[in-house]
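Student: I would like to go through this chain with you by question and answer. Please show me the sequence and structure before we start.

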Amino acid sequence: MRSWLSSENPQEDPVEAAKKWTDGVASWFTDMDMWQHFMWSALRIILIFLLTRILVRIVYRIIDRSLERKEKGRLQVNPRRLVTVGELLKNMTSVISNFIMVLIVLGELGFQLGPLIAGAGVLGMAIAFGAQSLVKDVITGFFIILEDQFAVGDVIQTGALKGTVEMIGLRSTRLVSWTGEVHIIPNGMITNVTNYSIGTALAVVDLPFSNTRKLEDSIELLEKAMLDLKEKHEEIEQVPNVLGIQSLTSSEYVIRIAVECQPGARSEAERLIQMYAKEALEQEESRRLAAGSV
């Protein structure tokens with residue numbers, strides 16, 4: 001008899017379990033304290049999100065106005081560099097604000113922030129020790145951009161490498177040499193930089209002449225050639241200046257010609273000066289031979 005009753009009880013247990021589950025669900029839906037706590041938590045999370053967005057917008061506006069004042073200042077600043085710095089600062093602001101917002105939201109959801117912050121600190125230290133060179137590259141790249149040490153298109157030299165800057169990143173800088181080689185340099189290895197694209201350059205050419213030739217004739221010939229050069233080449237902003245004798249020996253004297261030009265055009269300006277001086281000498285020699293034959 002007992003064994004039969006015991007076999008009948010399992011048929012009644014699911015009904016009781018279903019009834020208890022239904023009562024639990026009903027009590028959960030009718031638990032006003034729980035719903036009130038849930039609504040307040042949801043409102044606080046929404047408020048935290050909105051305040052974070054407003055804070056980010058305010059910081060963005062401050063960054064934009066600060067860069068606008070810097071661009072309108074007396075010091076000449078590369079506009080491309082201001083855009084780069086502004087975007088970098090905005091990205092940092094967004095990442096930091098969102099990280100803090102996530103921590104606060106997790107606290108509202110009941111997570112313990114202490115272990116999370118401690119774990120993040122330990123993870124950050126492990127990453128810092130394992131990627132010291134990467135951290136150094138990023139920090140150096142940030143200050144290269146912030147201090148406007150050089151810009152894309154500038155001709156620079158760092159160590160034994162010289163070329164035109166093709167790309168500046170937080171991790172590395174890419175240079176293209178005048179022969180076409182591409183050099184990718186980690187920013188942490190850039191310890192000193194020579195920038196050839198700031199201000200103006202001075203193209204200097206020294207031309208030797210025999211002592212048998214009169215100094216006045218040589219200077220007059222070169223001055224006419226430099227005037228001709230300026231008329232035919234608008235990229236040369238000034239007439240090259242014939243400075244006079246640079247050095248003197250028993251057999252020859254050297255006349256120096258100089259002109260200010262754009263930093264990247266110095267080699268071209270020097271080649272043009274030499275070409276026009278040589279052509280002027282050849283034309284004079286031709287006229288002399290023609291007059292002698294007559």
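Tutor: Helices (H or I, at least four residues) and strands (E, at least two) are DSSP runs, numbered from the N terminus. This is a predicted model, in which local features need pLDDT of at least 70 and side-chain atom pairs count only at pLDDT 80 or more, while totals for chains, interfaces and linings use all residues. Residues are numbered from 1 along each chain as its sequence is written, and side-chain values use heavy atoms, with hydrogens and water left out.

Student: Is Glu-284 buried or exposed?

Tutor: Buried means under 20% relative accessible area, exposed over 50%, and partly exposed in between (1.4 Å probe, protein chains only). The relative accessibility of Glu-284 is 17%, so this residue counts as buried.

Student: Which residues does Glu-284 touch, not counting those up to four places away in sequence?

Tutor: Contact means heavy atoms within 4.5 Å. With residues up to four places away in sequence left out, Glu-284 touches Arg-213 and Leu-221.

Student: Which residues does Ser-218 touch, on the same terms?

Tutor: Ser-218 belongs to helix α6. Its relative accessible area is 0%, so Ser-218 is buried. Not counting residues up to four places away in sequence, Ser-218 touches Phe-209, Arg-213, Tyr-253 and Ile-255.

Student: What separates the C-alpha atoms of Ser-218 and Ala-277?

Tutor: Along the chain, Ser-218 and Ala-277 are 59 residues apart.

Student: At about what angle does helix α6 run to β8?

Tutor: Axes are lines fitted to C-alpha atoms, for helices over the stretch in contact, and angles run from 0 to 180 degrees between N-to-C directions. Helix α6 (residues 215–232) lies across β6, β7 and β8. Its angle to β8 is about 25°.

Student: What is the order of the strands in the open sheet of three?

Tutor: Two strands pair if DSSP finds at least two bridges between them. In this open sheet the pairing is antiparallel, and the order is β6-β8-β7. The edge strands, each pairing on one side only, are β6 (201–210) and β7 (241–248).

Student: Which residue in β8 is the bridge partner of Ser-247?

Tutor: Strand β7 runs antiparallel to β8 (residues 252–261), and six bridges join them. The partner of Ser-247 in β8 is Val-254.

Student: Which strands stand at the edges of the five-stranded sheet?

Tutor: The five strands form an open sheet with antiparallel pairing, in the order β4-β3-β2-β1-β5. A strand with a single partner has one side left without a neighbour in the sheet, so the edges are β4 (182–186) and β5 (194–195).

Student: Which residue in β5 is the bridge partner of Gln-157?

Tutor: Strand β1 (residues 155–158) pairs with β5 in the antiparallel sense over two bridges. The partner of Gln-157 in β5 is Thr-194.

Student: Is Ile-54 buried or partly exposed?

Tutor: Ile-54 is found in helix α2 (residues 32–71). Its relative accessible area is 47%, so Ile-54 is partly exposed.

Student: How many helices and strands does the chain have?

Tutor: The chain has 294 residues, and buried residues make up 26% of them. The count is seven helices and eight strands.
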